[in-house]
Structure formats: C-alpha cells, structure tokens
Amino acid sequence: MTKARRLLIVASKGTLDMAYPPLILAQIGAAMGLETGIFFTFWGLNIIRKDTVDKLKLSPVGNPALGMPNILGVIPGMTSLATSMMKKRIKSIGMAPIREMIKECKELGVKLYACSNTVELMGLKREQLLDEVDDIVGATTFLEMASEDAVVLFI
Amino acid sequence: MTKARRLLIVASKGTLDMAYPPLILAQIGAAMGLETGIFFTFWGLNIIRKDTVDKLKLSPVGNPALGMPNILGVIPGMTSLATSMMKKRIKSIGMAPIREMIKECKELGVKLYACSNTVELMGLKREQLLDEVDDIVGATTFLEMASEDAVVLFI
Amino acid sequence: MTKARRLLIVASKGTLDMAYPPLILAQIGAAMGLETGIFFTFWGLNIIRKDTVDKLKLSPVGNPALGMPNILGVIPGMTSLATSMMKKRIKSIGMAPIREMIKECKELGVKLYACSNTVELMGLKREQLLDEVDDIVGATTFLEMASEDAVVLFI
C-alpha cells in the first residue's frame with residue numbers, strides 16, 4: 001500500500017455553504033500530518049478576497065435541496081435571510097466564521113494559493129487578497145503538486 | 001504502475017441530477033472489484049434522508065445548460081415539471097429511482113457513510129437516515145480512507 | 001515518491017464559467033507531459049455538442065458570488081448580459097473561446113471522451129457531438145483509467 005503524504009484542495013465555489021468544506025478538510029488534513037494546501041480558483045477566490053470574505057452568501061435560488069420554492073428565492077432579502085439562518089446554525093454548533101477558519105488553517109500550516117489565471121481574469125491585485133494568502137501560482141504549479149502522492153479534491 | 005484498490009466518492013449535492021453520478025460510479029466501481037464507499041456531506045445528505053430521498057428535484061433556475069430562461073424557472077411548478085420530465089427520461093432508458101440505486105449499491109458491497117459534521121450542523125438523528133447507511137463518520141476517517149490507494153471523486 | 005503519469009478530468013457542468021477549468025487544466029497537463037483525458041458527463045456534454053458549444057452561458061441567478069441580487073438575475077436578458085460581459089473579459093486577457101480551447105486541447109494530444117450513459121440519457125447521436133470527440137465510453141473505462149497512476153479531478 002502507498003500512503004498519500006499530501007492533501008490538495010481546489011476551492012472553486014464562492015458561496016458560504018461551499019466555503020466550509022475546503023477549510024474544514026484542510027484543517028483536519030493538516031492536523032493528521034498531511035502536507036496540505038488549498039488552491040483558490042474562479043468563484044473560490046471570493047473566500048480569500050478582503051472585500052468578500054465576510055459577505056459570502058448562501059443562495060436559496062436554484063438549490064432545491066433547501067426546500068424553498070424558486071419564486072420565494074428571488075424575493076429581495078431571501079438570500080440574506082437564508083444566509084443569516086445558516087450563520088446562526090453554524091455558530092450554535094461551535095463552528096467559526098470563514099475568516100477565523102482561514103486563520104486556523106494557517107496556524108496548522110495549511111498553504112493558501114490563489115490561482116494566477118483567475119486573479120488576472122478578475123483583474124485583482126495582491127493587496128486585495130487576504131494577507132494569509134501564501135502565493136499566487138499557476139495551474140502548472142498546482143498540477144505538479146497534485147501529481148506527487150496527493151489526495152486531490154476539486155470542490 | 002500502481003493500481004488503486006479503492007474508490008471513494010464524496011456526494012455533496014442534493015439535486016436529482018447530481019445524485020445519480022455518485023451512485024452510478026459507485027455501482028460500477030464495486031462491480032469492478034474496487035473497495036467502494038460514498039461519503040455523503042452537506043446537501044448530499046438529502047440523498048440518504050428518509051424524508052427527502054424520494055423528493056430530490058432538478059432545478060431549472062440557475063442552470064443555463066437546461067436552456068430555459070431564468071424567468072420561466074421561477075414560475076411556481078417549473079422545477080417540478082423539469083424534475084418529472086427528467087424522471088420519465090431516466091425511467092425510459094431503464095435507470096432505477098434513487099432509492100433503488102442505493103439498494104443496488106448495498107448489494108454490491110458499497111459502504112454508505114454520513115458526514116458527522118453535517119449531521120450535527122443539520123441537527124439530524126440516526127433514525128432520520130436510511131437504514132442502508134453503514135455509519136456516521138468524521139472527516140478524519142474519510143481522509144484516512146482517501147489517502148490509501150484510492151481514486152477520490154468530490155461530486 | 002510516486003509520480004502520477006496521467007491526468008483525468010471529469011467535466012460535469014454546462015455553464016461557461018465551469019467549461020474553462022477542465023479545458024485549461026487539460027492543456028497545461030498535456031503540455032507538462034501527462035497523458036491527459038477529459039470525460040464529459042451530464043451537463044458537461046454541452047461543451048462538446050455542436051448545437052450548444054458556442055452558446056454556453058454564465059448564469060447570474062443562484063450565484064451570489066456574482067454579487068447580483070436574484071431578482072435582477074431573473075429579468076430576461078440578465079444571463080445574456082453577464083455572459084457577454086464575461087466573454088469580453090476573457091477575450092481581453094487573451095483567452096480563447098471554448099471551441100478554440102477544444103482545438104488546442106486536441107493539438108496537445110488531450111483525449112476527449114463522451115460519457116455513454118449520459119449520451120443515452122439525453123438521446124444524443126454521435127453526429128451531434130463535435131468531430132474532435134475521440135470516443136463515447138462508459139464509466140467502467142473511465143474508472144479503469146482513473147485507477148492507474150492518475151490525478152483525477154471531478155469538475
């Protein structure tokens with residue numbers, strides 16, 4: 001049996017619900033001793049942008065899993081309502097807000113990478129990203145890391 | 001060459017269209033002799049909840065691939081219409097409903113795991129999950145399985 | 001350390017924004033010398049259908065990351081507006097349209113596979129798919145390729 005020694009997560013979604021899985025898995029992977037990194041790409045960049053990290057939203061539209069008719073989802077304020085309900089629930093079971101999850105990742109040694117192609121596509125500058133971001137790297141660097149004994153999750 | 005001996009699928013979506021890929025791939029993986037497991041997390045839990053498994057919906061909103069204008073998607077009943085159209089199509093080519101797909105997975109030896117973090121987040125109890133669920137496990141268990149000669153798919 | 005020698009990408013989304021990541025990663029993987037393939041399944045088939053490849057859309061609804069209220073997203077024309085804005089941005093940084101990205105993939109030796117289950121589910125014929133598609137294969141073939149020294153990404 002071969003054992004992976006690295007955990008590499010691609011965070012490609014920019015909604016509150018899909019921001020948690022990469023951060024939770026990265027924390028646990030790092031705590032287990034895996035060399036862990038998160039590669040933020042496309043909408044996932046919102047998780048590490050200073051102007052959006054605290055404003056991630058859960059959308060009630062187009063997510064039938066939430067059990068809300070689409071017509072309600074488009075009423076102004078419904079996305080905010082669903083988001084604040086989820087935030088309360090998250091807090092009530094002792095989970096930290098996204099910004100703190102990122103800090104905890106860093107304390108555990110998780111590396112945070114922003115995808116250079118998407119940074120360029122969105123016209124972002126380094127200073128618009130959280131200080132916790134380690135580097136802006138290309139897909140080549142990502143694939144090199146991914147091809148070396150890694151568990152790779154595209155979220 | 002090394003050969004993976006395990007297939008580990010994360011099912012994170014709770015829509016009808018995204019419930020099939022994990023179950024189809026798990027069935028085929030198990031039939032090929034791979035040690036196969038599905039880890040249901042976030043909205044994916046809807047696939048193994050007694051109260052939602054038969055009610056999974058396909059949403060026509062926010063899915064431009066369906067070729068339906070968003071304005072139609074929010075008209076009450078459109079999600080149900082798109083869902084029932086897809087169910088008919090699924091049946092017509094001989095594919096089983098989700099509940100039967102789960103039974104077939106079990107017969108082939110696929111292990112079904114519910115993510116303990118999400119179970120807690122949603123305030124669910126064991127008895128609300130399908131009897132077919134083997135265990136409620138944490139992300140640590142998942143990552144341990146994922147790091148041992150596994151093909152890992154996050155769906 | 002073991003080195004993956006293969007890159008296998010599952011393209012399961014049919015929106016413009018999620019059509020790029022599989023194609024970009026495949027091009028880079030092939031350029032790095034990895035034996036690279038893309039397996040188009042479910043909505044991802046839209047990327048290799050003659051009638052949809054040039055019409056992929058970005059949806060502003062249900063994507064809070066776009067920062068647009070849902071109520072605006074359902075106004076007829078908003079999806080087209082968001083899509084044309086993204087297309088301009090893509091062009092301005094020198095990225096090619098999807099159809100050209102596919103051609104470039106082929107020139108680099110990337111193999112393009114259509115998922116036979118989905119092709120059947122959608123009632124498609126071979127001639128409705130782009131000529132660049134190498135083969136229509138089942139999930140068994142995909143899993144066999146995935147279990148041999150591969151980096152596997154489900155997008």
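In strand β5 of chain C, L153(C) is the bridge partner of I9(C). The model is a predicted one, in which local features need pLDDT of at least 70 and side-chain atom pairs count only at pLDDT 80 or more, while totals for chains, interfaces and linings use all residues. Residues are numbered from 1 along each chain as its sequence is written, and chains are lettered from A and ligands numbered from 1 in the order in which they are written.

The bridge belongs to a parallel pairing of β5(C) with strand β1 (residues 6-11) of chain C, which extends over 5 bridges. Strands are DSSP runs of E with at least two residues, helices are runs of H or I with at least four, and both are numbered from the N terminus; two strands pair if DSSP finds at least two bridges between them. A residue is buried if 20 or more other C-beta atoms lie within 10 Å of its own, exposed if 12 or fewer do, and partly exposed in between, with C-beta atoms placed from the backbone. On one side of β5(C) the buried residues are A150(C), V152(C) and F154(C), and on the other V151(C) and L153(C), which leaves both faces covered.

Helix α1 of chain C contains A19(C). This residue counts as buried because it has 25 C-beta neighbours inside 10 Å. When residues up to four places away in sequence are not counted, A19(C) touches I47(C), L56(C) and I98(C); contact requires C-beta atoms, placed from the backbone, to lie within 7 Å. Between A19(C) and D54(C) the separation is 35 residues in sequence and 11 Å in space, C-alpha to C-alpha.

Helix α1(C) (residues 16-31) also packs against helix α6 (residues 139-146) of chain A, their axes coming within 10 Å and crossing at roughly 70°. Axes are lines fitted to C-alpha atoms, for helices over the stretch in contact, with angles from 0 to 180 degrees between N-to-C directions. The two helices are therefore roughly perpendicular, on a scale where angles under 35 degrees count as roughly parallel, over 145 as roughly antiparallel, 65 to 115 as roughly perpendicular and the rest as oblique. A139(A), T140(A) and L143(A) of α6(A) meet I24(C), L25(C), I28(C) and G29(C) of α1(C). This contact comprises 5 nonpolar, 2 polar and no charged residues, where Ala, Val, Leu, Ile, Met, Phe, Trp, Tyr, Cys and Pro count as nonpolar, Asp, Glu, Lys and Arg as charged, and the others, Gly among them, as polar.

For helix α1 (residues 16-31) of chain A and helix α6 (residues 139-146) of chain B, the axes come within 10 Å and cross at roughly 70°. This makes α1(A) roughly perpendicular to α6(B). I24(A), L25(A), I28(A) and G29(A) in α1(A) are in contact with A139(B), T140(B) and L143(B) in α6(B).

Chain A has 6 helices and 5 strands, in the order β-α-β-α-α-α-β-α-β-α-β from the N terminus. Of its 155 residues, 51% are buried. Among contacts in chain A with a separation of 6 or more, 72% are between residues 24 or more positions apart.

An automatic or database assignment provides the domain bounds: chain A is divided into domain 1 (1-50 + 98-155) and domain 2 (55-96). In chain A, 11 residues of domain 1 contact 7 residues of domain 2. On the domain 1 side, α1(A) and α4(A) (98-107) are the elements that give two or more residues, and the largest share, 4 residues, comes from α4(A).

Conventions
Contact = placed C-beta atoms within 7 Å.
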